[in-house]
Amino acid sequence: MDGFTVIAEPTRRAIVDRLRAGEHDVGTLVDELGISQSLASKHLRVLREAGVVEAEIAGKRRLYRLTARPLPEVVAWVRPYVERWATSFDQLGRALDEDALDEDALDGEALDGEATRHGQ
């Protein structure tokens, strides 16, 4: 199953969101998401098979966490858009900075003009 199919399902996205904060066992995910144990296990199996999560057995519990590099095809597809948006935001930031500098210069000229008019 490709990464886009994996994250297309809202419950799987919710599980991934929870695991972003750290590892969880199935019971915790069931409680937090309000889903059944079987549904959580089904989605965790899909996520595990897709390489998004990994499990570690800790006593009687199985702890799930995000893998170091999940969904490489999704990241590869999104990266050019993020780079483009970052460039656009950088350009916007520079334009706003220049505009602020122009306003500061105009404010300074206005203050100088007022001081001159008041004989200072």
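This briefing covers aromatic pairs, a nonpolar surface patch, a nonpolar core and salt bridges. The model is predicted. A search of the whole structure finds 3 aromatic pairs and 7 salt bridges. The largest nonpolar core has 18 residues. A nonpolar surface patch covers about 880 Å².

- The search for aromatic pairs, run over the whole structure, gives 3.
- W77 and Y81 form a tilted pair, because their ring planes stand at 45° with the centres 5.0 Å apart.
- Helix α5 spans residues 72-117 and holds both W77 and Y81. The two are 4 residues apart, which is about one turn of the helix.
- W77 has a relative accessibility of 48%, so W77 counts as partly exposed.
- Y81 is partly exposed too, at 39%.
- Y81 also pairs with W85. The centres of these two rings are 6.0 Å apart and the planes are at 40°, again a tilted arrangement.
- Y81 and W85 both belong to helix α5, 4 residues apart, so about one helical turn separates them.
- W85 is partly exposed, with 48% relative accessible area.
- The ring pairs join up into a cluster of F4, W77, Y81 and W85.

**The nonpolar surface patch**

- Eight names make up the patch: F4, W77, Y81, V82, W85, F89, L92 and L96.
- Its area is about 880 Å².
- Helix α5 gives the largest share of the patch, with 7 residues.
- The patch includes F4, W77, Y81 and W85, and these four are the members of the ring cluster.
- Y81 sits in helix α5. A residue counts as buried under 20% relative accessible area and exposed over 50%. Y81 is at 39%, so Y81 falls in between, as partly exposed.

**The nonpolar core**

- In soluble globular proteins, nonpolar side chains tend to be buried together.
- The largest nonpolar core here has 18 residues. Those that touch the most other members are I15, V26, L44, L47, V52, V53 and Y64.
- I15 touches L29, L33, A40, H43, L44 and L47, with residues up to four places away in sequence not counted.
- V30 is in helix α3. Its relative accessible area is 16%, so V30 is buried.
- With neighbours within four places in sequence left aside, V30 contacts I35, S36, Q37 and A40. A40 is also among the residues that I15 touches.
- The C-alpha atoms of V30 and I15 are 9.6 Å apart, and the two residues are 15 apart in sequence.

**Salt bridges**

- The whole structure has 7 salt bridges.
- D17 and R20 form one of them, with N and O 3.9 Å apart. They are 3 residues apart in helix α2, so about one helical turn lies between them.
- D17 is partly exposed at 40% relative accessibility, whereas R20 is exposed at 63%.
- R65 and E23 form another salt bridge, with the closest N and O atoms 2.8 Å apart.
- This pair links distant parts of the chain, 42 residues apart. R65 lies in strand β3 (residues 61-66), and E23 lies in the loop between α2 and β1 (24-25).
- Both R65 and E23 are partly exposed, R65 at 24% and E23 at 41%.
- R61 bridges to D25, and their closest N and O atoms are 3.0 Å apart.
- R61 is in strand β3 and D25 is in strand β1, so this bridge ties together parts 36 residues apart in sequence.
- R61 is partly exposed at 45%. D25 is buried, because its relative accessible area is 12%, and the cut-off for buried is under 20%.
- Salt bridges also form a network that links E23, E54, E56 and R65.

Notes. Residues numbered from 1 in each chain as written. Predicted model: local features only at pLDDT ≥ 70, side-chain atom pairs only at ≥ 80, totals over all residues. Heavy atoms only, no water. Phe/Tyr/Trp six-rings, centres within 6.5 Å; stacked < 30°, edge-to-face > 60°. Buried < 20%, exposed > 50% of the residue type's maximum accessible area, 1.4 Å probe, protein only. Patch = residues over 30% accessible without salt bridge, like charges linked within 9 Å, V, L, I, M, F, W, Y side chains within 5 Å. Areas by Shrake-Rupley, 256 points an atom, 1.4 Å probe, with all protein chains shown as cover. Salt bridge = Lys/Arg side-chain N within 4 Å of Asp/Glu carboxyl O. Core = buried A, V, L, I, M, F, W, Y, C linked by side-chain atoms within 4.5 Å. Contact = heavy atoms within 4.5 Å.
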